[in-house]
Amino acid sequence: MSCRALEKEGYPRPRIEFLGVFLAIAFIAQGCGKPKPVTPSSALQALADQAADARVCRGRAWVSVKSARQKASFAGVVVLDRTDSAKPRLRIEALDPVGGLHHLILVDGERDTLDWADFDSGVWRSGKSKWRGIPIHLLPHLLLGSMDTAWLGRFGYTAPQVSSQEGAETVTLRKEAGGEPLRLGLGWIPPGPRLLLTSVSTAVRERQGLRKVQVSYGRFGERKDRHAPQDVTLSVEPDFELKLLWREREWLDEAPDAELFRVPAGRQTGMKHDDLP
């Protein structure tokens with residue numbers, strides 16, 4: 001039946017202009033959902049933007065640690081500070097419901113130290129420079145999910161190379177002095193989608209030989225949460241795993257007091273001292 005015949009039957013004439021608008025919106029929406037082609041410069045810029053956006057945060061998270069010597073899970077109060085990317089800092093407190101302190105983890109990037117106090121067993125473990133082969137100054141960055149190639153150059157990583165495979169991007173950095181490369185995986189994460197850091201992998205050399213290190217990120221936050229990952233898993237072959245699962249957090253504009261990340265006076269009294277593995 002023609003449009004004129006439909007009009008005679010009392011049906012309104014189709015609004016051609018509305019149909020055109022609908023088709024235009026559908027066409028635009030289809031294009032917006034497709035990731036843009038990635039160039040080496042855009043991949044590096046995506047890492048820089050993500051790192052610049054996530055600098056200081058404080059909140060609560062579920063922390064679990066598994067190794068051959070240790071197994072612990074606890075609700076933690078976490079503070080991460082990377083306002084000075086070369087000297088990042090981290091504090092994790094394991095508290096019970098009434099405020100009792102069971103574990104205290106401190107990373108002081110300025111001194112390049114890591115302290116882990118287990119108040120239940122009365123053991124205070126300390127390390128400097130590296131922990132399980134991982135440079136201590138990288139730990140806060142890894143646990144926050146922010147890795148900017150610009151400041152990685154200050155640690156000897158140079159000449160980033162970008163490769164693409166099956167919708168994922170990989171930025172590979174090598175050290176001038178040699179050694180295993182550092183690989184940063186990026187993926188398209190909705191909404192947007194946005195190109196964000198989804199994994200970090202490398203290998204570290206210890207007395208026992210070469211060990212693979214893998215960090216994976218999941219459950220990315222919204223814009224107000226800096227698009228930061230809420231689930232972080234760090235694993236080191238053959239038997240170590242650290243998980244940080246954020247429950248809530250807030251982002252701060254100013255760096256916390258440096259004393260927050262240093263060993264409290266008197267807390268080591270009466271505790272057995274040991275070296276971190």
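Ser67, Ala68, Arg69, Arg132, Glu206, Arg207, Gln208, Arg211, Asp239, Asp275, Leu276 and Pro277 form the lining of the second largest pocket. The model is predicted, so local features need pLDDT of at least 70 and side-chain atom pairs count only at pLDDT 80 or more, while totals for chains, interfaces and linings use all residues. Residues are numbered from 1 along each chain as its sequence is written, and side-chain values use heavy atoms, with hydrogens and water left out.

**Pockets**

- A pocket is an open set of points on a 1 Å grid over the protein atoms alone, with protein on both sides within 12 Å along at least five of seven lines; a cavity is a set of points where a 1.4 Å probe fits but cannot get out, and lining residues have an atom within 4 Å of a point.
- Grid points are joined across faces, edges and corners, and a volume is the space filled by probe spheres set on the points.
- The second largest pocket holds about 280 Å³ of space, and its lining comprises 3 nonpolar, 2 polar and 7 charged residues.
- In these classes Ala, Val, Leu, Ile, Met, Phe, Trp, Tyr, Cys and Pro are nonpolar, Asp, Glu, Lys and Arg are charged, and the others, Gly among them, are polar.
- Helices (H or I, at least four residues) and strands (E, at least two) are DSSP runs, numbered from the N terminus.
- The lining of the largest pocket has 13 nonpolar, 4 polar and 4 charged residues.

**Cavities**

- The model has 2 cavities of 30 Å³ or more.
- The largest cavity, with about 70 Å³ of space, is lined by Leu90, Ile92, Ile105, Val107, Leu114, Trp116, Trp131, Leu139, Leu143 and Leu242.
- Its lining has 10 nonpolar, no polar and no charged residues; strand E3 (89-95), strand E4 (101-108), strand E5 (113-118) and helix H4 (139-144) each supply at least two of the lining residues.
- The second largest cavity has a volume of about 30 Å³, and residues including Ile189, Arg194, Phe220 and His227 line it.

**Nonpolar cores**

- A nonpolar core is a set of buried Ala, Val, Leu, Ile, Met, Phe, Trp, Tyr and Cys residues joined through side-chain atoms within 4.5 Å; buried means under 20% relative accessible area, exposed over 50% and partly exposed in between (1.4 Å probe, protein chains only).
- The largest core has 58 residues, of which Leu142, Met147, Leu152, Leu184, Val200 and Leu234 touch the most other members.
- A second, separate core of 6 residues includes Leu106, Phe119, Trp124 and Met271.

**Tryptophan 246**

- Tryptophan 246 lies in strand E15 (residues 240-251) and counts as buried because its relative accessibility is 4%.

**Confidence**

- The chain has a mean pLDDT (the predictor's confidence in each residue, from 0 to 100) of 84, and 87% of its residues reach 70 or more.
- Confidence is lowest in helix H2 (residues 16-32), at a mean of 45, and highest in strand E14 (residues 229-236), at 97.
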